[in-house]
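Subject: A structure to look through

Dear colleague,

I am passing on a protein structure for you to look at, and below it I have set out what was found in it. Please keep the model open while you read, so that you can follow each point on screen.

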Amino acid sequence: MTSPVGEPPDSPTERTAVLSIGSNLGDREAILREAVLAIAAIDGVEVIAASSIVETAAVKPHGVDATAPSYLNAAVMLRTRLDARALLSALQRIELEHGRVRDERWGDRTLDVDIVTMADEVIDEPGLTVPHPRAVERVFVLAPWLELDSDATLAGFGPVSDLLAQLDEPYRLYRAEPLL
């Protein structure tokens, strides 16, 4: 294996990742704040920024579910030396620590943490797809991400600002102050 000049062999390469975090059960805002702190505590991760919080209706496989509790969502940008699989594993532990239950696809949850992008990597493995396969359809992913990076681009789809402009899913700013 060759390594970049000045980097020891087998040293991890630092890359930037964007996460989407959300909650529609419990003290949603407190859970999001705790999640950002837990993400920042992962060995090999440095949180660069966290967005303000947006609120949206719950989306289920059949569409918007107005009877379900609404979601609070935010974006987190980080630098990491972890590969995508190791990062996903650490994020899933955080979800479990916050009471995440995986009984129903797109079911209500205390905490959901998704890897939206990981540098320019394209990954399609069982249980891990990056860029996130539905990010392009989700205002609750795109709006907070755009707040963190006005020039953000979703690999294979284009500028996040253009993608967000194409969506008509309603959302509202819940808390203007960034989570971090």
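Helices are DSSP runs of H or I with at least four residues, and they are numbered from the N terminus. By that rule leucine 37 belongs to helix α1. Before going further, please bear in mind that this is a predicted model.

The whole chain

The secondary structure of the protein chain comes to 4 helices and 12 strands. Along the principal axes, its C-alpha atoms fill a box of roughly 55 × 35 × 35 Å. A compact globule of 180 residues would have a radius of gyration near 16 Å, and because the protein chain has 16 Å, the two agree. Of the 180 residues, 48% count as buried. If we take the contacts in the chain with a separation of 6 or more, 71% of them are between residues 24 or more positions apart.

The buried residues of α1 are Arg28, Glu29, Ile31, Leu32, Ala35, Val36, Ala38 and Ile39. Is leucine 37 buried or exposed? Residues over 50% relative accessible area count as exposed, and leucine 37, at 57%, is therefore exposed. In sequence leucine 37 is 142 residues away from leucine 179, yet their C-alpha atoms are 9.4 Å apart in space.

The loop between β1 and α1 holds glycine 26, which is exposed with a relative accessible area of 66%. Glycine 26 and histidine 132 are 106 residues apart in sequence, and from C-alpha to C-alpha they are 25 Å apart.

Alanine 58 in strand β4

Strand β4 consists of residues 58–60, and alanine 58 is found in it. The relative accessible area of alanine 58 is 0%, and because buried means under 20%, alanine 58 is buried. Leaving out residues up to four places away in sequence, alanine 58 touches Asn24, Gly63, Val64, Asp65, Ala68, Pro69, Ser70 and Tyr71. The C-alpha atoms of alanine 58 and glycine 107 are 8.8 Å apart, although these residues are separated by 49 residues in sequence.

Leucine 154 lies in strand β10, which is made up of residues 153–154, and with a relative accessible area of 0% leucine 154 is buried. Which residues does leucine 154 contact, once its neighbours within four places in sequence are left aside? They are Thr117, Pro131, Ala135, Val136, Trp145, Val160 and Leu163. For the pair of leucine 154 and threonine 117, the separation is 37 residues in sequence and 7.7 Å in space, taken from C-alpha to C-alpha.

Trp145 is also one of the buried residues of α3, together with Val139, Phe140, Val141, Leu142, Ala143 and Pro144. Helix α3 spans residues 139–148 and is mostly covered, since 7 of its 10 residues are buried.

Proline 131, another contact of leucine 154, is found in the loop between β9 (128–130) and α3. A cis peptide bond joins proline 131 to valine 130, with omega at about 0 degrees.

The second largest pocket

Rolling a probe the size of a water molecule over the atoms shows where empty space is left. About 170 Å³ of space lies in the second largest pocket. The elements that give two or more residues to its lining are β1 (15–23) and β7 (112–118). Of the 16 residues that line this pocket, Thr117, Ala119, Asp120, Trp145 and Thr153 lie nearest its centre. How many residues of the lining are nonpolar, polar and charged? There are 9 nonpolar, 3 polar and 4 charged residues.

Alanine 119, one of the residues nearest the centre of this pocket, lies in the loop between β7 and β8 (123–125). Its phi is near 55 degrees, a positive value in a residue other than glycine. Alanine 119 counts as partly exposed, at 38% relative accessibility.

With best wishes

Note on methods
Residues are numbered from 1 along each chain as its sequence is written. This is a predicted model: local features need pLDDT of at least 70, side-chain atom pairs count only at pLDDT 80 or more; totals for chains, interfaces and linings use all residues. Side-chain values use heavy atoms; hydrogens and water are left out. Buried means under 20% relative accessible area, exposed over 50%, partly exposed in between (1.4 Å probe, protein chains only). On a 1 Å grid over the protein atoms alone, a cavity is a set of points where a 1.4 Å probe fits but cannot get out, and a pocket is an open set with protein on both sides within 12 Å along at least five of seven lines; lining residues have an atom within 4 Å of a point. Grid points are joined across faces, edges and corners, and a volume is the space filled by probe spheres set on the points. Ala, Val, Leu, Ile, Met, Phe, Trp, Tyr, Cys and Pro count as nonpolar, Asp, Glu, Lys and Arg as charged, and the others, Gly among them, as polar. The radius of gyration is taken over C-alpha atoms; the globule rule is 2.2 Å times the number of residues to the power 0.38. Contact means heavy atoms within 4.5 Å.
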